[in-house]
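Subject: Structure handover and findings

Dear colleague,

Please find the structure below, followed by an account of what was found in it.

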Amino acid sequence: MTTPKIPTMDDALAVVQRDQPVNRTLDLPPLQVNVKHGDVLGFGDQEVTAQLIRIYRIAGHDPALAQELTDTQLRLWLLYAVNLLAENRAAVPGFDFKGALTWLVRNIPAEPVMPAPNHAEFELHVLGRTGWLRAALKAKVARLPDQVRQQAAACYSPPPSNVPSGPGASSGPSDQTPPLDKDLLRKELLPKLQNLLVNHVVQWRRQAGQEPRFQRWEDLGLIARLAQAVAWRMLQPYAAAREDGPFFTGFDYFSKIYDKTRTMPSEQDLVKHLMNRAYVVGEDTSAGKSIFTLAGYDSMRSDDRVFLFKTLGQWIADNSTARKLAVYFFQHIGSNSHAGADGGGGVGLVTEFRTDRPESQARWETIETIVHEMTHNLIHPNLLAQTDKVRRPMVIKEGFIEVVTREVFNWMIDNGSESSTKRLMMGVEGQLVPPVRKTTLGYAESGAYADQIFQLVGRERFLTAFMTGDIELVGLTPS
Ligand SMILES: [Zn+2]
């Protein structure tokens, strides 16, 4: 029998140290946060009360209320939170410290997440919700040099087509696109749009006698929740930098999902989906000048947009084949209608498996779609609002979504384990094919331009703009 080791003072101190709230430097590139929660632990009860009274006073609240806050956990939470802001106050010149304290006192959580050495939830919550993260990113992320801004501007809005350039050309207002050639647009666009729909629909062709197979709803739900958790984790500090953003206001991705395969679309739904694809077709330059360029279609003119919308509506009203294709397309493409004027909608997912490939490959594609549709919910409204002010709206509307999808989806692959893969492949039959990292972005040219902007401005600026709406960082000009 061995005699137990007699504990030393060092052993005891190690225990005390271990159970103390942490003192550390939190790395949230490009930010660094000083965490000194340990200092608070030395306070006795009276000192805590004295500190709280001081905090309430600075925050403009009745100091007497501080004495009414008797719950130990909540008292400490508030003290830790203020301590964290005070420690990092100097890093953000001009930060509204009083405003932040006022917010904290008003918003003491009912079930607080306390500081812990193995995660940063407390810090992200406090620094995010009080606006410190957003202000810190604004102070830290360098403004875009003029030259890069001009390069980016060319990606959003090429000069209007068919306008003489060079010496002698007029340099009037920017809206110089010639009037829309409606017949040309209709004649060129609709057949190509129909081809696109046909190519999409045949992907679900089954051999005679083969029954369709559907993905289980609960499996997609698990993936949706995982995608949200991964986005929150890997998009920091950007994801927490919008104080009223989806992650702080009860965003529950899975609750927004519905099964598109079993949904009958309205006329409005159909035309919206066709609009989305009409831009893909209209902006395509793979065979020379795009249809939009040839027809003088200018997305910045609302008349042009309205004309296209009406044309597509008329097309499916007159042409039953086109209509059938559009309905099938709607039922077999993921989509997110949160950006619509109706505000409602949700995230539609396709549950049917494609049969021209292993089910596991189809599942990986579903996973990528789930990430893509979620990302639509994360884009800052300021940034989304720029779509009507640029000549290539799809660069922001879909291209930017694709950039962030690539970040999140590749993270899932790169950090996947055997057990996480198993969960992602739940309900899948047949051989498991390994996932392929996302390298090229969807939405053809729009994806390519978005990627160019991402490369030009860099990841820090891009994600800051995407999450906080500081649009100058991606080369857009606030109006
Ligand atoms: Zn999309």
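This is a predicted model: local features need pLDDT of at least 70, side-chain atom pairs count only at pLDDT 80 or more; totals for chains, interfaces and linings use all residues.

Residues are numbered from 1 along each chain as its sequence is written.

The assignment for the protein chain gives domain 1 (20-140) and domain 2 (150-162 + 176-474), and the C-alpha centres of domain 1 and domain 2 lie 39 Å apart. Their contact takes 11 residues from domain 1 and 11 residues from domain 2, where two residues are in contact if their C-beta atoms, placed from the backbone, lie within 7 Å. On the side of domain 1 that touches domain 2, α7 (121-129) and α8 (132-140) each supply at least two residues, and α8 gives the most, with four residues. (Helices are DSSP runs of H or I with at least four residues, strands are runs of E with at least two, and both are numbered from the N terminus.) That side of domain 1 divides into six nonpolar, two polar and three charged residues; Ala, Val, Leu, Ile, Met, Phe, Trp, Tyr, Cys and Pro count as nonpolar, Asp, Glu, Lys and Arg as charged, and the others, Gly among them, as polar.

As for the protein chain overall, it has 21 helices and five strands, and its C-alpha atoms fill a box of roughly 85 × 70 × 40 Å, taken along the principal axes.

Three strands form an open sheet with mixed pairing, in the order β3-β5-β4, two strands being paired if DSSP finds at least two bridges between them. Since β3 (257-259) and β4 (335-336) stand at the edges with a single partner strand each, one side of each is left without a neighbour in the sheet. β3 and β5 (residues 347-349) run parallel and are joined by three bridges, and the bridge partner of Y258 in β5 is G348.

Finally, the axes of helix α12 (residues 267-282) and helix α15 (residues 320-331) come within 10 Å and cross at roughly 85°, so α12 is roughly perpendicular to α15 (65 to 115 degrees). These axes are lines fitted to C-alpha atoms, for helices over the stretch in contact, and angles run from 0 to 180 degrees between N-to-C directions. Here D269, L270, H273 and L274 in α12 meet A326, V327, F329 and F330 in α15, a contact whose residues divide into six nonpolar, one polar and one charged.

Best regards

How values were computed: Angles under 35 degrees count as roughly parallel, over 145 as roughly antiparallel, 65 to 115 as roughly perpendicular and the rest as oblique. Domain bounds come from an automatic or database domain assignment.
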